[in-house]
Amino acid sequence: MPSKGVGLTAKEKKACREKLLEEKKKILRKLSQFYSESLEIETDIAQDVADKAESSYTKEFLLSLSNAERNQLGQIDRALRRLQTKEFGLCQMCGNPIGKKRLAALPWTPFCIDCQQKREETGA
């Protein structure tokens, strides 16, 4: 297994940290907006069955979006912890360095491209 911290310079790690924090802010703003919108839907008085169905669908859609956002937020928080423990940039499955281009695009990713593909193929 490679030694910890292989591959990324301090400047690259700082850029990833800034990107992670910015993405976290965006998600928190979206979650707040989703929550407000779901409350608005809840307080609307539906006139008939069709209105109730549409309102229910819209609320369910907003909540499913927020679940996906919460999942990504968890991934971001774990990536920020890995930055502090010097594990950032190393695949959590195989221990090999994650490509710099991959980290630039998805700094919260815990897996190298090969392991991510294996996970997707097995449905993990």
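1. Gln72 is buried, with a relative accessible area of 17%; buried here means under 20% relative accessible area, exposed over 50%, and partly exposed in between, with a 1.4 Å probe and protein chains only. Gln72 belongs to helix 2. Not counting residues up to four places away in sequence, Gln72 touches Glu23, Ile27 and Trp108, where contact means heavy atoms within 4.5 Å.

2. On the basis of the note: this is a predicted model, in which local features need pLDDT of at least 70 and side-chain atom pairs count only at pLDDT 80 or more, while totals for chains, interfaces and linings use all residues. Residues are numbered from 1 along each chain as its sequence is written, and side-chain values use heavy atoms, with hydrogens and water left out.

3. The protein has four helices and zero strands, in the order α-α-α-α from the N terminus. Helices (H or I, at least four residues) and strands (E, at least two) are DSSP runs, numbered from the N terminus. Of the 124 residues in the protein, 30% are buried. Among contacts between residues at least 6 apart in sequence, 60% join residues at least 24 apart. The protein exposes about 8500 Å², of which carbon and sulfur atoms supply 53%; these areas come from the Shrake-Rupley method with a 1.4 Å probe, and for residues only the protein chains shown count as cover.

4. The largest nonpolar core has 19 residues, and Leu20, Ile76, Phe88, Cys91 and Leu103 touch the most other members. The elements that give two or more residues to this core are helix 1 (10-43) and helix 2 (49-84). A nonpolar core is a set of buried Ala, Val, Leu, Ile, Met, Phe, Trp, Tyr and Cys residues joined through side-chain atoms within 4.5 Å. Leaving aside neighbours within four places in sequence, Leu103 is in contact with Leu8, Cys16, Phe88, Gly89, Ile98 and Thr109.

5. Thr109 sits in the loop between helix 3 (100-105) and helix 4 (113-122), and is buried at a relative accessible area of 6%. The side chains of Thr109 and Arg102 are joined by a polar contact of 3.0 Å. A polar contact is a pair of N or O atoms within 3.5 Å; within protein, one must be able to donate a hydrogen and the other to accept it, and residues adjacent in sequence count only if both atoms are side-chain atoms. Beyond its neighbours within four places in sequence, Thr109 has contacts with Arg82, Ile98, Arg102 and Leu103.

6. The count of salt bridges comes to five, a salt bridge being a side-chain nitrogen of Lys or Arg within 4 Å of a carboxyl oxygen of Asp or Glu. One of them pairs Lys100 with Glu12, the closest N and O atoms being 3.3 Å apart. Lys100 lies in helix 3 and Glu12 in helix 1, so this pair ties together parts that are 88 residues apart in sequence. Lys30 forms another with Glu69, at 3.7 Å between the closest N and O atoms. Because Lys30 lies in helix 1 and Glu69 in helix 2, the pair links parts 39 residues apart in sequence. Lys30 is partly exposed at 40% relative accessibility, whereas Glu69 is buried at 12%.

7. In helix 4, Gln116 is in contact with Arg102 and Phe111, leaving aside neighbours within four places in sequence. Asp114 also lies in helix 4 and is partly exposed, with a relative accessible area of 47%.

8. A backbone point concerns Lys86, which has a positive phi of about 70° although it is not a glycine. Lys86 lies in the loop between helix 2 and helix 3.
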